[in-house]
Amino acid sequence: MQSFLLLSPEVSAARNAGLPVVALESTIISHGMPYPQNVQTAREVEQIIRDAGAVPATIAIIDGKICVGLNDEQLERLGTAQDAIKVSRRDLAYVLSQKLLGATTVAATMICAELAGIEVFVTGGIGGVHRGAETSFDISADLQELANTNVAVVCAGVKSILDIGLTLEYLETHGVPVVSVGQPGFPAFFTRESGFKADFQLDTPEAQASFIRTKWQLGLDGGVVVSNPVPAASAMPKEEIDRITEQALKEAEQQGVTGKLVTPFLLARIKELTEGRSLATNIALVKHNALIGARLAVALNGNA
């Protein structure tokens with residue numbers, strides 16, 4: 001499996017020197033934001049991680065390799081390509097074997113991060129149980145990956161387009177701890193509160209690292225959700241985002257949008273309905289997650 005990995009010079013040097021590394025997904029570049037904000041945000045997020053004492057490793061599938069750490073040319077390619085495939089666990093072998101361009105989701109990034117020996121992964125929000133899943137069975141592969149793969153995932157919770165209560169129930173059933181930072185409540189991506197509580201509140205990177213290391217030392221395999229709310233100054237009013245989300249969901253249903261196309265459709269529509277304010281919130285929360293994730297990686301590195 002190591003033959004599929006291609007570490008960038010920066011990531012390779014960090015691994016050899018025993019420095020903390022933070023994984024970053026690439027779907028947020030290819031499918032989550034418009035160009036050029038996607039590439040600009042990716043570069044700024046990487047710099048935040050460097051400034052906090054860790055090394056960023058944005059992950060993508062390029063020319064038959066799992067690229068761990070991307071250069072400027074690769075970031076631009078992902079940010080502008082129309083043919084980048086959204087890669088989850090199911091798609092990973094296909095995109096690698098056919099040497100296609102692939103942007104990794106939360107699930108695929110976790111797999112690739114573990115293969116590369118990276119313990120912390122920063123994203124915007126994880127996938128979850130979709131509304132109406134009792135009939136559609138539409139449940140993100142991210143949740144099953146969290147049950148199996150030993151990577152801590154720093155996120156701003158899950159988007160309000162999902163069924164947050166059922167998502168938390170699914171994680172509980174599969175033994176995935178949900179940790180909150182700075183508040184007892186579980187955040188809902190664009191908003192700081194979802195109306196649900198996390199399992200545990202751990203505010204410092206040292207406390208988070210001690211908990212995560214203890215979990216894995218006990219042989220309790222699987223990830224940890226570190227839910228970090230969007231900064232208050234960048235959060236959107238819950239009532240507004242709930243109303244807009246309902247409208248976007250109805251439009252998706254009317255237009256027959258299903259499967260992996262749902263989330264990009266909803267995010268784009270929410271951006272339109274908020275006149276771009278949701279994109280600003282998205283960028284702010286990803287940057288904040290990068291800071292929390294880098295601090296966690298540094299603490300975990302010192303608690304090996």
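Which element gives the most to the lining of the largest pocket? I put this to a predicted model, and the reply is α2, with four residues.

**Entry 1, the pocket.** I looked up the volume of the largest pocket and got about 780 Å³. I then listed its lining, which has 33 residues; K86, T105, S140, D142 and T263 are the closest to the centre of the pocket. I checked which elements supply at least two residues each to this lining, and found α2, α5 (89-97), α8 (141-148) and α12 (262-273). Sorting the pocket lining by class, I have 15 polar residues, ten nonpolar and eight charged.

I searched the whole structure for cavities of 30 Å³ or more and found one. For the largest cavity I note a volume of about 130 Å³. I count 14 residues in the lining of this cavity, and L24, E25, I28, V45 and V286 lie nearest its centre. Two or more residues of that lining come from each of α2 (27-32) and α3 (37-51). I asked which of the elements gives the most here, and it is α3, with four residues. By class, I sorted the cavity lining into eight nonpolar residues, five polar and one charged.

I compared the two lists of elements for α2. I find α2 among the elements that supply at least two residues to the pocket lining, and I find α2 again among those that give two or more to the cavity lining.

Note on methods. Residues are numbered from 1 along each chain as its sequence is written. This is a predicted model: local features need pLDDT of at least 70, side-chain atom pairs count only at pLDDT 80 or more; totals for chains, interfaces and linings use all residues. Side-chain values use heavy atoms; hydrogens and water are left out. On a 1 Å grid over the protein atoms alone, a cavity is a set of points where a 1.4 Å probe fits but cannot get out, and a pocket is an open set with protein on both sides within 12 Å along at least five of seven lines; lining residues have an atom within 4 Å of a point. Grid points are joined across faces, edges and corners, and a volume is the space filled by probe spheres set on the points. Ala, Val, Leu, Ile, Met, Phe, Trp, Tyr, Cys and Pro count as nonpolar, Asp, Glu, Lys and Arg as charged, and the others, Gly among them, as polar.
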